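Subject: Structure handover

Hello,

Please find the structure below. My notes on it come after.

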Amino acid sequence: RFNIKSMVQQGCEILQASMLSLIEGKAFDNHALLNLASKLVDEYHARRFFLLAFHGMSIKTSPQVYHNLHAACHALAVGHAISLTRPRLQELVFSILAMDAGMFQIPLHVREKGSSLTDSERAAIKSHPILGNQLLLKVGKVKPALANIALQHQEAFDGTGYPQNLKGPQIDEFARIGQICDCYSAMVEARPHRPAMLPYEAMKSMLSSDASRFDPRLLRAFLGAMSIYPIGSIIQLSDKRIGLTLGCKTEKPLRPLVRLLRDETGLPYSTLHFVDLFQAADLYIMRAMEPRSSGIDLESEI
């Protein structure tokens, strides 16, 4: 866990330095971000439960930088699920890391405001895809196909997004992946105006009220990779035991693999215990739980 946490911290520092160079018009080191993307791809393939690292982790960086790295790692799950080649996975991660470049030109007091935005502030936020695309093309000298993800990642599959109101296949596939991962990652992160959502609640929202905004094929791939109780969820089983979800088989998103943390009396296990709900037909998940209410400190447990 320490190595993953250290790598995430270093990744955030690399991304922050790259974004600062970009908005200041200095030399933008594409290779630094490409190397970071390559390391993340390697880590995802080497460690089955890589995404657990983001649960309960304290990272010293700007919320925007952390969010972009978080979204890029979720994009890995989608890219892997749809069988992208390694070079394409690396390009996907690079494009998601850089897709919010324009947000760094928005004043901090606007993008981290804890109350309702004014019309002018909302317009500033909605300008970030165009700003980011221009920065990446003109200053960063990023390939147009990858810089295009910054322009399109706020488009919606049903045509209700911005800035161009593109619809369906008019939107680049990487941008469609970016939109899913941007949305999910944002919902499970705390914001100045709201607390973080439970991963289960975020996934449920994306599959119900927000579903029309996303490419249904890619949303199914995301669900299949993450489970309806996404990786890192604290859940209570029907026999009262409490556990941590570790992922699922694509065809059974309601039956994840669970690492057991507390027995039916609420006592912690002294050794590692797992239950695969795909195999344990007599068990089911009763509810998702807040880590605090369950008495579990994720950073010490994972």
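This is a predicted model: local features need pLDDT of at least 70, side-chain atom pairs count only at pLDDT 80 or more; totals for chains, interfaces and linings use all residues.

Residues are numbered from 1 along each chain as its sequence is written, and side-chain values use heavy atoms, with hydrogens and water left out.

Helices (H or I, at least four residues) and strands (E, at least two) are DSSP runs, numbered from the N terminus. Helix α9 takes in residues 173–187. Its 15 residues should span 21 Å at 1.5 Å a residue, and the end C-alpha atoms are 22 Å apart, which agrees; the expected span is 1.5 Å times one less than the number of residues. Of these residues, 14 are buried (under 20% relative accessible area; exposed is over 50%, partly exposed in between; 1.4 Å probe, protein chains only). Asp 172 caps the N-terminal end of α9, with a side-chain oxygen 2.8 Å from the backbone nitrogen of Phe 174.

In the loop between α8 (144–152) and α9 sits Pro 163. The peptide bond from Tyr 162 to Pro 163 is cis, with omega about 10°.

Strands β3 (residues 257–262) and β4 (residues 268–276) pair antiparallel over five bridges; pairing requires at least two DSSP bridges. Arg 259 has Phe 274 as its bridge partner in β4. Five residues separate the strands of this hairpin, and Gly 266 in the turn has a positive phi of about 95°.

Ser 227, in the loop between α11 (216–226) and β1 (234–237), has a positive phi near 85°. Ser 227 is buried, at 0% relative accessible area.

Regards

Technical notes. A polar contact is a pair of N or O atoms within 3.5 Å; within protein, one must be able to donate a hydrogen and the other to accept it, and residues adjacent in sequence count only if both atoms are side-chain atoms.
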